[in-house]
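Please walk me through this model in the viewer, one selection at a time. Tell me what to select and what I will find there.

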Amino acid sequence: MFQGPGREIHLPPLAGYGRFTIMRQRQGGENTKDKPVRWIASSREDLREFPDEAKRDVGFALSYAQQGEKHPSAKPLKGFKGSGVLEVVEDYRGDTYRAVYTVRFARVVYVLHAFMKKSKTGIKTPRHEVKLIERRLKVAENDYYNWLKENTDEDAT
């Protein structure tokens with residue numbers, strides 16, 4: 001659910017980030033569209049549970065990704081070589097928050113997972129979290145091809 005001024009909008013579990021694409025003025029004066037952000041499964045709700053500081057940092061990283069750039073705090077997630085899967089790790093008051101997204105698709109950024117790392121030892125992403133990310137990456141791939149069909153038809157008209 002998204003709350004706007006005086007109204008509530010219920011979005012499906014896999015929803016675009018906002019309903020409109022924002023045009024930005026780039027350096028050199030050229031207008032370009034940001035890529036939409038799509039959320040897999042509970043990733044959006046999970047991110048909303050993060051502290052405000054962590055949410056803001058993840059939001060900045062996603063904004064960079066929408067523009068086709070990489071935020072300085074975004075790092076490739078180990079085990080996903082060459083697949084464009086990145087993670088943002090934010091430490092806040094002794095806890096570690098992670099958001100994982102992919103830029104492997106040309107026209108959309110997918111947020112795959114957002115979670116608080118529970119283990120207090122080591123920096124390695126827990127195996128069950130990696131497996132979940134792998135499954136969600138497959139869901140994103142299927143969704144992207146369906147999204148591409150729908151939006152290519154709209155672009156052609």
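Begin with helix α3 (127–156). In this predicted model, α3 gives the most residues to the lining of the second largest pocket, namely three. Strands β6 (74–76) and β7 (85–92) also give two or more residues each to that lining. The pocket has a volume of about 340 Å³.

To find the middle of the pocket, select Leu77, Lys78, Glu87, Lys124 and Thr125; of the 15 lining residues, these are the closest to its centre.

Next, select Leu62 and Tyr101. Within the largest nonpolar core, which has 18 residues, these two have the most contacts. Now show the elements that give two or more residues to this core: β5 (37–39), α2, β7, β8 and β9 (109–117). Among these, α2 gives the most, with five residues.

Keep tyrosine 101 selected and show what touches it. Leaving out residues up to four places away in sequence, its contacts include Ala61, Leu62 and Ala65, as well as Ala74 and Gly84. Val85, Leu86 and Val88 touch tyrosine 101 too, as do Val109, Tyr110, Val111 and Leu112.

A separate core of 16 residues lies apart from the largest one; to locate it, select Phe80, Val85, Phe105 and Leu112, which are among its members.

Turn to the aromatic rings. How many aromatic pairs are there? The count is five. For one of them, select phenylalanine 50 and tyrosine 97: the ring centres are 5.0 Å apart and the planes meet at 55°, so this pair is tilted. Phenylalanine 50 sits in the loop between α1 (43–48) and α2 (52–66), while tyrosine 97 belongs to strand β8 (residues 95–102), so the pair ties together parts 47 residues apart in sequence. Both phenylalanine 50 and tyrosine 97 are buried.

For a ring cluster, select Phe105, Tyr110, Tyr144, Tyr145 and Trp147, which are linked by ring pairs. Tyr110 was already on screen as a contact of tyrosine 101, and Phe105 as a member of the 16-residue core.

Finish in helix α1 with glutamate 45. Is this residue buried, exposed or partly exposed? Its relative accessibility is 38%, so glutamate 45 counts as partly exposed.

Technical notes
Residues numbered from 1 in each chain as written. Predicted model: local features only at pLDDT ≥ 70, side-chain atom pairs only at ≥ 80, totals over all residues. Heavy atoms only, no water. Phe/Tyr/Trp six-rings, centres within 6.5 Å; stacked < 30°, edge-to-face > 60°. Helix = DSSP H or I, 4+ residues; strand = E, 2+ residues; numbered from the N terminus. Buried < 20%, exposed > 50% of the residue type's maximum accessible area, 1.4 Å probe, protein only. 1 Å grid on protein atoms, 1.4 Å probe; cavity = no way out; pocket = protein on both sides within 12 Å on 5 of 7 lines; lining within 4 Å. Points joined across faces, edges and corners; volume = space filled by probe spheres on them. Core = buried A, V, L, I, M, F, W, Y, C linked by side-chain atoms within 4.5 Å. Contact = heavy atoms within 4.5 Å.
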